[in-house]
Amino acid sequence: MTLQFDPIRLQANIGGNAVILETGRLANQADGAVWVQSGGTVVLVTACTQVLPEEKGFFPLTVDYQEMSYAAGRIPGSYFRREIGRPSEREVLVCRLIDRPCRPLFPKGFRDEVQIIATVLSADGVVEPDVLALTAASSALHISKIPFEGPIAGGRVGYVDGAFVFNPTVQQMNGESTLNLVFAASRDAVVMVEGGGQFVSEDMLADALEWGHNSVQPLIDLQEELREKAGKPKIAFVPPTPIEELEKLVHATAEAGLKEAFAIKDKMPRREARKAVKQAVVEAVVAAFPDEPTYKAKAGDILADMEKKLLRTLIKETGIRLDGRDTKTVRPIGIEVGVLPRTHGSTIFARGETKSLCVATLGSTGDEQKIETLNGETYKRFMLHYNFPPYCVGEVKPMRGPSRREIGHGALAERSILPVLPGADEFPFTMRVVSQVMESNGSSSMASVCGASLALMDAGVPVKEPVAGIAMGLIKEGDDFLVLTDILGDEDAMGDMDFKVAGTANGVTGIQMDIKITGIPQAVMRQALSQAKEARLHILGRMAEVLAAPRAELSPLAPQLEVVNINPEKIREVIGPGGKNIKAITADTGASIDIEDSGKISIFAPTLDSLAKAKERVLFYDQHADVGANYKGIVRKVIDCGAIIEILPGLEGLCHVSQLDVERVASPADVVKLGQEIEVKVLEEEPSGRIRLSRKAVLNEERGIPYDPADYAKTGAPRRPGGDRDRRGGDRRGGFDRDRGGRDRGPRDRD
C-alpha cells in the first residue's frame with residue numbers, strides 16, 4: 001500500500017514573485033505547520049503549545065530560526081561539521097523579526113507555553129528566507145488551535161532605479177537598492193518595522209511603508225483561505241475574570257503612593273517608591289486573603305495595569321511627562337571624547353539618565369570577521385557590539401554572553417553607522433566599536449549610535465558625516481494620540497510604541513519600530529518621523545559643538561598603515577616555503593601583512609619603527625635597479641664570461657668580462673674576486689628581469705668621460721658559436737645562465 005501525501009497548497013503573486021503556502025505534508029503532529037516557498041527558497045515553520053503545570057507569571061513564547069547548511073548545498077564549517085547549538089547572530093536577528101510582531105497578538109492573560117520553530121530547508125541565493133519565515137509563522141499560528149489575533153504578513157521593500165520593489169533579490173539588496181525595509185503588517189496597519197537606508201528621507205520611508213502594506217494584502221488573503229481549508233478549532237480561552245474585592249483593595253492601597261512615585265523625576269528614587277507601593281500591596285493582600293495564595297500574583301497584574309493607566313492619564317491630561325518634559329523636548333545631553341588614554345577612540349554620550357561609553361578600535365584587514373552564511377562566506381570590516389551589563393539598571397544578574405536583545409540593538413546601531421563609513425579602498429582598516437551601557441533609562445541603543453559615531457571620529461576615521469539616533473513613543477486612546485520624543489524606560493514599558501530612528505542631517509540610515517497595539521495609522525507614523533527628525537537635528541547640533549568633524553590624523557595608538565606594490569611574480573618569495581618568510585617578518589616586527597594577488601601588500605604595524613622594518617623586509621624580495629645609477633655591490637660568483645654581482649639585497653646582475661675594466665681583460669678572475677665590493681653602473685634591465693652591469697662605465701666616469709648609454713648599448717651582432725655578442729662588449733644577448741656558468745666558447749669581440 002502506498003502512502004499518499006495530500007497537502008493543501010495555495011499560491012499568490014506579489015510584485016512578480018510567486019509565494020506558496022502549503023500545509024499537510026510535513027510536521028503534521030505539530031499544532032500548526034506551514035511550508036512557504038518563493039523561487040527555490042523553502043522555509044518550514046511549526047507552532048506548538050502545551051499547558052504548563054505551573055504558571056510562570058508571564059507568557060512563555062519561544063521563537064527559534066535555523067538556517068540548515070544543506071539548504072544551500074553546503075557542509076557546515078564547524079569542527080563537528082553540523083549546525084552548532086548556539087544560533088548565529090543572523091539567526092538571532094531573524095528570531096527577533098518573528099517574535100516582535102507576533103508576541104502582542106496573543107490574547108492578554110494567555111499563559112500556555114508556545115514555541116515557534118522556523119527551519120530553512122532550501123535556499124536559492126536569490127530570495128531571502130527571513131520575511132518568508134515571518135509570514136509562515138503567522139500562518140502556522142493562524143491555522144493552529146493556539147489563540148492568535150492574526151494573521152500578519154512579512155515583506156521587504158527595496159528602492160531600485162527610482163521605484164519601490166517588493167521582496168527584492170539578494171543581488172538587488174547587495175548593490176542596487178538604497179533601501180532595505182523589513183516590516184510586518186496586519187490587514188489594517190503596519191505592526192513592526194526594521195531596516196536601514198542610504199540617507200532616505202522621512203517622506204520616502206512613510207511612502208515605502210504605505211506601499212508595502214498595500215502590497216502584502218494578498219498574503220493576508222492567502223492565510224485566511226488556508227485557515228478556512230485547514231484550520232483547527234481554537235482553544236477556548238477566557239481571560240481571567242476580575243476579582244472586584246481584590247481590585248478594590250489594590251487600588252485603595254496603591255493609588256496615593258503611585259501618584260507620589262510618578263511625581264519623582266529621577267529613575268532610581270522613583271523605582272524605589274514604586275517598589276515600596278508594591279510591597280505594601282502584597283502585605284495588604286496576604287493579610288486580607290490568607291487562604292488565597294494565587295491572589296498575590298494576580299495583585300501584581302492589577303498593580304501593573306493600574307500603573308500603566310495612571311501614567312498614560314497623567315501625560316495625556318497634562319502634556320507633562322515623568323521627568324517634567326513636554327512631548328517634544330529631548331533630555332539634556334552630555335558628551336566627552338577622548339576619555340580613555342590607551343584606546344584608539346572613545347566617547348561618553350549621555351542623554352538624561354542614559355549613558356553609554358563607546359570605544360573604537362582599528363585593526364588590519366586580517367581582523368575582519370568571517371561569517372558563514374547560506375550564500376557562502378562573507379567578511380565584515382565593521383562591527384558594533386552592544387553590551388547591557390546588569391549594573392546599568394542597578395540589578396544583579398548572571399552574565400552568560402550577549403543576549404538576543406543585545407545582539408539586536410547592536411545590529412540596529414551597526415546598520416545605522418554603516419552608510420557613513422569610508423570604503424575599503426580609501427580606508428582599509430577593520431573597525432570595531434563597543435558600546436558599554438553604563439546607565440539606562442530608555443533609548444540606550446540610540447545613545448550607542450551617537451556615541452559610536454563620535455568614537456570613530458575621535459579615532460580619526462574619515463566618516464562622511466555624524467550619525468545620531470532618537471527613540472519615539474506613543475500613547476493612543478481611541479482616535480486620540482500623543483507622540484513622545486526621546487522616551488524614558490517607563491514610557492517604553494507602559495506606552496504603545498517604541499520607534500527608533502537614526503540618521504544624519506541628510507536622511508535616515510536606520511529604523512526599528514515595535515508597537516503593542518494592533519497597528520498605527522499612517523498619520524501617526526508620519527508625525528513620529530517628523531518629530532524624530534527635529535530631535536535628530538538637535539542632537540547632531542550638540543555633537544558638533546564637541547567634535548564637528550573627524551580628527552585630521554589617526555590616533556597615534558592606532559595601527560600604522562602603508563601600502564606597497566610589488567611584482568606579482570615575487571609574491572611567492574615574500575611568503576616563502578610554507579609561509580616561512582612572512583611568518584618571520586610578522587614575528588620580528590609585530591606587523592600584520594595582507595597580500596593580494598595583484599601584488600598589493602598592506603602593512604599594518606603597531607609603531608612607525610616596526611612599519612619601516614616590515615616594509616624593508618617585504619621589499620627585500622622585490623628589489624628594483626634604476627637604469628643609469630651606480631651601486632656598490634658584492635661579487636657573488638666569478639664565471640668565464642664575467643662576474644655576478646649582488647647590487648641590492650636579493651638582486652643580482654651580470655657584469656660581462658668586457659665591462660669589468662677599461663682595458664681588455666683576459667680572465668674575470670684577474671680583476672675581481674669572490675666577496676669583493678665593487679662599484680658598477682646599471683646599463684639595462686631586460687623585460688625578463690635580467691640586469692646588465694658595467695664597472696667600465698664607472699671607471700670612465702672617474703676619468704672624466706661622461707656616461708652615454710649609446711656607448712654601452714647592444715649592437716645586434718650576428719650570432720656566433722657560443723652565443724650572440726655585443727660588439728661593444730656587452731653580455732650575450734638573452735642574458736646569462738648561472739647554472740651553466742655562462743661559458744663562452746666562441747671568439748671574443750671586444751671594444
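Biologist: Is Asp486 buried or exposed?

Modeller: Keep in mind that this is a predicted model. In it, Asp486 has a relative accessible area of 0%, and the cut-off for buried is under 20%, so Asp486 is buried.

Biologist: Where does Asp486 lie?

Modeller: In the loop between strand E19 (480-485) and helix H11 (489-494). Its backbone is worth a look too: Asp486 is not a glycine, yet phi is positive, at about 60 degrees.

Biologist: And what about phi of Asn167?

Modeller: That's another positive value in a non-glycine residue, near 45 degrees. Asn167 sits in the loop between strand E8 (163-166) and helix H3 (170-175). Its relative accessibility is 15%, so Asn167 counts as buried.

Biologist: OK, peptide bonds. Is the one from Gly150 to Pro151 cis or trans?

Modeller: Cis, with omega near 10 degrees. You'll find Pro151 in the loop between H2 and strand E7 (153-160).

Biologist: Since you mention H2, how does it pack with H1?

Modeller: H1 covers residues 89-102 and H2 covers 130-143; their axes are 10 Å apart, at an angle of about 40 degrees. That makes the two helices oblique to each other, and H1 passes H2 in a right-handed crossing.

Biologist: Which residues make that contact?

Modeller: From H1, they include Val94, Leu97 and Ile98, and from H2, Ala133, Leu134 and Ala137 are among them. By class, the contact has 9 nonpolar, no polar and 2 charged residues.

Biologist: How do H6 and H8 cross?

Modeller: At roughly 45 degrees, with the axes of H6 (residues 244-262) and H8 (residues 295-318) coming within 9 Å. They're oblique to each other, and the crossing is right-handed.

Biologist: What's in that contact, by class?

Modeller: H6 and H8 meet through 13 nonpolar, 1 polar and 6 charged residues. On the H6 side you have Glu245, Val250 and Leu258, among others, and the H8 side includes Lys298, Ile302 and Leu310.

Biologist: Switching to the core: how many residues are in the largest nonpolar one?

Modeller: It has 146 residues, and Ile417 and Phe499 have the most contacts inside it. Helix H10 (residues 444-459) gives the most to this core, with 10 residues. There's also a second, separate core of 17 residues, which includes Ala625, Val635, Ala643 and Val680.

Biologist: Back to Phe499, what does it touch?

Modeller: Leaving out residues up to four places away in sequence, Phe499 touches Ile470, Ala471, Met472, Ile511, Gln512, Met513, Met525, Ala528 and Leu529.

Key. Residues are numbered from 1 along each chain as its sequence is written. This is a predicted model: local features need pLDDT of at least 70, side-chain atom pairs count only at pLDDT 80 or more; totals for chains, interfaces and linings use all residues. Side-chain values use heavy atoms; hydrogens and water are left out. A nonpolar core is a set of buried Ala, Val, Leu, Ile, Met, Phe, Trp, Tyr and Cys residues joined through side-chain atoms within 4.5 Å. Buried means under 20% relative accessible area, exposed over 50%, partly exposed in between (1.4 Å probe, protein chains only). Helices (H or I, at least four residues) and strands (E, at least two) are DSSP runs, numbered from the N terminus. Contact means heavy atoms within 4.5 Å. Axes are lines fitted to C-alpha atoms, for helices over the stretch in contact, and angles run from 0 to 180 degrees between N-to-C directions. Angles under 35 degrees count as roughly parallel, over 145 as roughly antiparallel, 65 to 115 as roughly perpendicular and the rest as oblique. A crossing is left-handed if the near helix is turned anticlockwise from the far one by less than a right angle, and right-handed if clockwise. Ala, Val, Leu, Ile, Met, Phe, Trp, Tyr, Cys and Pro count as nonpolar, Asp, Glu, Lys and Arg as charged, and the others, Gly among them, as polar.
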